[in-house]
Amino acid sequence: MLPRCLVLWDVDHTLIETRGVGSAVFREAFEKATGATMSAGMATAHGHTEPVLLEKTLELNGIQDREEGLFERFAAAQADGYRARSDELRERGRVLPGIEDALGALATDSGVMQSVLTGNTRRAAQVKLSAFGLDRHLDLAVGAYGDDDSYRPRLVEVALARAAERAGMSVPRERVVLIGDTPKDIAAAREAGVGVIAVASGTSSVDDLTGVGADLVLGTLESVDIRDLVGRVLTVRAGE
């Protein structure tokens with residue numbers, strides 16, 4: 001059994017891939033919220049939170065006006081889009097290799113509280129994870145989301161506060177491990193002072209993720225002992 005700890009998973013390209021559904025939903029939500037076509041396309045995500053991604057996409061498409069409530073309209077339309085496309089999401093998207101086993105293994109460990117730390121909005125993340133049945137392993141009420149704060153490192157503080165409220169006791173930073181697929185995930189963990197496992201399951205390669213501060217870098221989570229990996233990171237963090 002692992003000692004009491006909090007494991008926070010990134011969502012896109014760490015737990016799941018939408019394989020084009022996410023881009024289509026973003027476009028539809030963007031055009032509903034702004035009343036303008038996304039003629040120049042969507043900005044590259046690279047681990048951005050949803051408010052930052054929307055802002056960069058507005059700039060890319062030359063939209064200068066920022067009407068009050070724009071992001072809220074976008075977020076509502078995006079969540080509606082994912083709900084409407086849930087069947088398509090299941091058909092086209094996928095759970096990444098090893099994730100079902102990893103989540104299941106941690107879910108059986110009484111010392112572990114696991115949730116998400118993601119740039120997605122809460123509503124979008126819940127729809128996407130439930131579409132693949134992953135929500136059964138995760139306490140999403142403890143999670144931190146892009147609509148909580150646009151700056152990813154501050155989302156660690158959000159998750160810590162929610163975990164403390166949920167558990168009735170604070171979780172020390174040396175007992176927190178973030179798992180993600182981008183350098184921004186690593187940077188968020190380092191700035192917040194928590195552990196991090198980086199997985200090259202997205203657009204970042206093992207080389208991209210090596211040497212930028214992760215406690216562990218993996219090519220995949222397939223056929224790994226996730227409890228051993230988390231335990232190794234906790235041991236390193238406890239010794240610092």
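**Close-up views of salt bridges in a predicted model**

View 1. Arginine 173 counts as partly exposed, at 32% relative accessibility. In this predicted model, the side chain of arginine 173 meets that of glutamate 157 in a salt bridge, 2.8 Å from N to O. The pair links distant parts of the chain: glutamate 157 lies in helix H7 (residues 152–167), and arginine 173 in the loop between H7 and strand E5 (176–180), 16 residues apart. Glutamate 157 is also partly exposed, with a relative accessibility of 36%.

View 2. Aspartate 228 and arginine 232 form a salt bridge, at 3.8 Å from N to O.

**View 3. Arginine 73 with glutamate 67.** The closest N and O atoms of this salt bridge are 3.2 Å apart. Glutamate 67 is exposed, its relative accessible area being 54%, whereas arginine 73 is partly exposed at 32%.

**View 4. A network of salt bridges.** Glu28, Arg85, Glu88 and Arg92 are linked in this network. A search of the whole structure finds 20 salt bridges.

**View 5. The protein chain as a setting for the close-ups.** The secondary structure consists of 10 helices and 7 strands. The radius of gyration is 17 Å, close to the 18 Å that the globule rule gives for 240 residues, so the chain is as compact as a globular protein of that length. Of the 240 residues, 52% count as buried.

Note on methods: Residues are numbered from 1 along each chain as its sequence is written. This is a predicted model: local features need pLDDT of at least 70, side-chain atom pairs count only at pLDDT 80 or more; totals for chains, interfaces and linings use all residues. Side-chain values use heavy atoms; hydrogens and water are left out. Helices (H or I, at least four residues) and strands (E, at least two) are DSSP runs, numbered from the N terminus. The radius of gyration is taken over C-alpha atoms; the globule rule is 2.2 Å times the number of residues to the power 0.38. Buried means under 20% relative accessible area, exposed over 50%, partly exposed in between (1.4 Å probe, protein chains only). A salt bridge is a side-chain nitrogen of Lys or Arg within 4 Å of a carboxyl oxygen of Asp or Glu.
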